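Here are some notes on the structure shown below. They take its pockets, then the chain and its sheet.

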Amino acid sequence: MRKTSLLILVIAASFCLGFAFKTIISKQSNKQITMKKVTGIGGIFFKCKDPNKMKAWYQEHLGLSTNQYGAVFEWHQGADSTKKGFTTWSPFNETTKYFEPSARDFMINYRVENIEVLVEELKKSGVTILDTIETYDYGKFVHILDAEGNKVELWEPNDIEYEKLGKELGSETTK
């Protein structure tokens, strides 16, 4: 009789624990996993009449360390302050076609994670993807249009390689 009671108790406890475990797992799997999308500003690009004159002005008057492309701001990532991050500031000639099909005089580059997954999500949401993902040593890029037709550049950076490239070019960062 005692063995039977013990066996029934073990079976009941197993059933209850199994049910509780399944409920916990079900609740966790029903939670929507939110993917981190934009992690920061990767760059600000704008049109101007004379990019070289603009770079010189900003260097002289505001202290930017400029290079042939503009300036690079160096900072440390909030999630891991041992890792560097970079944001580019770049004047383009006013006749550039790089911002097309947008008619705006600026373009913002956003730093993102998991660009392939993000592009698939954007496609499913009906976002216009302008090109295919391009991969370089210093990161992956793709261009999209926002709700008002502004061209936006998405960049999944490889900051270690980006910093190496800057050093190879002899560029200093603005800190």
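Which helices and strands each supply at least two residues of the lining of the largest pocket?

1. They are β1 (38-48), β3 (70-76), β4 (84-93), β6 (134-136), β7 (139-145), β8 (151-157) and α4 (159-168). Helices (H or I, at least four residues) and strands (E, at least two) are DSSP runs, numbered from the N terminus.

2. This is a predicted model, in which local features need pLDDT of at least 70 and side-chain atom pairs count only at pLDDT 80 or more, while totals for chains, interfaces and linings use all residues. Residues are numbered from 1 along each chain as its sequence is written, and side-chain values use heavy atoms, with hydrogens and water left out.

3. The largest pocket holds about 780 Å³ of space. Its lining has 34 residues, and Tyr 69, Thr 88, Tyr 138, Tyr 162 and Leu 165 are the closest to its centre. A pocket here is an open set of points on a 1 Å grid over the protein atoms alone, where a 1.4 Å probe fits, with protein on both sides within 12 Å along at least five of seven lines; lining residues have an atom within 4 Å of a point. Grid points are joined across faces, edges and corners, and the volume is the space filled by probe spheres set on the points.

4. By residue class, the lining of the largest pocket has 15 nonpolar, eleven polar and eight charged residues. Nonpolar covers Ala, Val, Leu, Ile, Met, Phe, Trp, Tyr, Cys and Pro; charged covers Asp, Glu, Lys and Arg; the others, Gly among them, are polar.

5. The second largest pocket has a volume of about 460 Å³. Of its 19 lining residues, Gln 77, Lys 83, Lys 84, Arg 111 and Asp 159 lie nearest the centre. Six of the lining residues are nonpolar, four polar and nine charged. Helix α4 gives the most to this lining, with three residues.

6. The protein chain has four helices and eight strands.

7. The eight strands form an open sheet with mixed pairing, in the order β2-β3-β4-β1-β5-β8-β7-β6. At the edges are β2 (66-67) and β6, each pairing on one side only; two strands pair if DSSP finds at least two bridges between them. Strands β1 and β5 pair in the antiparallel sense over seven bridges, and Gly 43 has Asn 109 in β5 as its bridge partner.
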